[in-house]
Amino acid sequence: MAERKKITILVRRGKKLNQEGEKIMTSPEECEALRKAFSGPHGVEEKSMLEILVKCNLADLTTFRKNSPYIFLDDACRFEKWDPFHMKSLEIEFLRFQRAVIQRTMHPWERDALLVRKSLEEKPPLYNLLIELACTRTSDEFLGARKAFQCLYSESVEEFVAVKVQGFQRRLLVALVSTYRYEGMRIDEAAIKLECQKLGRAIKTDQNNEIEKDDEVLRILTTRSKHHLKTIHKCYKEAYDSNLEEDLDGIQILRDTVNCLCAPPIYFSKILDTAMSVCPTEQEKEALTRVIVTRTDVDMKEIAAEFNREYGAPLIDRIEAAALGNYRDFLVALVKRGMAN
């Protein structure tokens with residue numbers, strides 16, 4: 001009978017090795033590190049995954065599967081089967097870094113055109129995303145996105161929105177995506193005072209939540225320049241001792257419009273906080289990539305400052321705590337770049 005081969009285990013600096021000097025995974029710490037590398041919710045920890053998996057033998061992997069019941073199911077077939085939901089989630093997390101890189105390298109017009117399409121094809125539709133695109137880009141930037149949309153889909157943004165949306169939302173959103181706002185600093189002080197009063201009356205006397213039907217409210221929000229609207233926002237605060245968006249709290253679509261036009265850092269910092277909350281939806285998680293990629297070269301310094309002021313933690317620290325691997329490193333690098341500009 002052939003002599004049974006003996007396996008020698010060596011211990012060196014706290015690591016277990018086989019007789020060939022190869023590391024083997026037996027520690028609970030390594031099992032936990034591998035589970036964490038798989039667990040998201042923003043990306044995967046590629047480096048840890050690689051370091052641990054390449055030294056696992058079949059027994060190690062069996063131990064890992066048996067000790068990870070929320071990843072693997074103890075199937076009736078007597079083997080540990082991947083949980084289908086977790087497997088699908090992991091596939092998405094592997095793609096998160098790839099999608100961030102693609103978005104970063106994409107022409108801004110194409111990227112925004114694709115986001116316009118996505119905003120109304122999601123279920124439920126993402127009206128806030130469409131408002132974000134129409135109201136936080138310059139007139140020329142969004143005009144470029146509208147041209148790209150026609151090139152990609154052989155229809156205009158206006159007709160796409162008009163077909164997809166009904167009621168008051170259609171009136172507002174079609175008007176927002178159609179306008180080409182004046183970008184200069186000239187304002188009309190008399191018009192500002194008058195329009196501030198009109199907004200105040202419309203909001204304060206609204207008893208039936210019908211402010212969205214007010215033609216003057218729609219005209220002011222969809223045609224006036226951003227500088228004009230920011231001055232109205234300041235005038236409203238002085239006149240009524242409350243912020244315009246706060247008084248529109250019951251009508252989220254109007255509140256998002258005001259925030260995107262008058263205070264983008266407040267809007268974007270809230271989007272980022274929601275994306276990194278305990279149980280974000282996939283739509284909310286995708287916003288983390290979108291905001292950082294699209295605002296890095298625009299107003300990231302202001303967004304990061306507002307985030308720190310509002311939530312009491314540096315934006316970079318929150319990203320490092322919430323995200324993993326290459327995806328985390330990419331987002332942090334973009335934020336640092338934006339803050340340095």
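These are my notebook entries on a few places I looked up in this structure, which is a predicted model.

**Entry 1: helix α11 and I220**

I started at I220, which sits in helix α11 (residues 215-223). Is I220 buried or exposed? I220 counts as buried because its relative accessibility is 0%. Beyond the neighbours within four places in sequence, I found I220 in contact with E195, L199, L229 and I232. For I232 I also noted the spacing: 12 residues from I220 in sequence, and 9.9 Å from C-alpha to C-alpha.

**Entry 2: charges on α11**

I stayed on α11 for its charged side chains. R219 and E216 form a salt bridge, with N to O at 3.0 Å. Both residues lie in helix α11, 3 residues apart, which is about one turn of the helix. I wrote down a reminder here: an α-helix has 3.6 residues a turn, so residues three or four places apart point the same way. R219 is partly exposed at 28% relative accessible area, and E216 is partly exposed, also with 28%. Shared partners link the salt bridges of E195, K198, E216, R219 and R224 into one network. I was pleased to meet E195 again, as it is among the contacts of I220.

**Entry 3: salt bridges between separate parts**

R171 is partly exposed, with a relative accessible area of 36%.

My other pick was E155 with R117, again a salt bridge, at 2.6 Å from N to O. E155 belongs to the loop between α7 (139-153) and α8 (157-164), and R117 to helix α5 (residues 108-121), so the pair joins parts that are 38 residues apart in sequence. Both E155 and R117 are buried.

**Entry 4: K226, a buried lysine**

Next I went to K226, in helix α12 (residues 226-240). K226 is buried but has no salt bridge. Which side chain of opposite charge is nearest to K226? It is E183, 5.2 Å away, and the cut-off for a salt bridge is 4 Å. What the K226 side chain does reach is the backbone oxygen of C135, at 2.9 Å. Setting aside residues up to four places away in sequence, K226 touches C135, T136, R137, T138, R181, Y182 and L261.

**Entry 5: H42 in its loop**

H42 lies in the loop between α1 (28-38) and α2 (46-53). H42 is buried, with 0% relative accessible area. Its side chain reaches the backbone oxygen of A275 at 2.9 Å.

**Entry 6: helix α18**

A322 took me on to helix α18 (residues 315-322), where L315, I316, R318, I319 and A322 are buried. Those residues are on the same side of α18, because they cover an arc of only 160° around the axis. They pack against α15 (264-275), α16 (282-295), α17 (300-311) and α19 (325-340).

**Entry 7: cysteines**

Last, I checked for disulfides, and the count is 0. For C56, the closest cysteine sulfur is that of C31, at 7.6 Å, too far for a bond. C56 is buried at 14% relative accessible area, whereas C151 is exposed at 65%.

Key. Residues numbered from 1 in each chain as written. Predicted model: local features only at pLDDT ≥ 70, side-chain atom pairs only at ≥ 80, totals over all residues. Heavy atoms only, no water. Helix = DSSP H or I, 4+ residues; strand = E, 2+ residues; numbered from the N terminus. Buried < 20%, exposed > 50% of the residue type's maximum accessible area, 1.4 Å probe, protein only. Contact = heavy atoms within 4.5 Å. Arc of directions from axis to C-beta. Lys, Arg positive; Asp, Glu negative; His and termini not counted. Polar contact = N/O pair within 3.5 Å; in protein donor to acceptor, adjacent residues only side chain to side chain. Disulfide = S-S within 2.5 Å.
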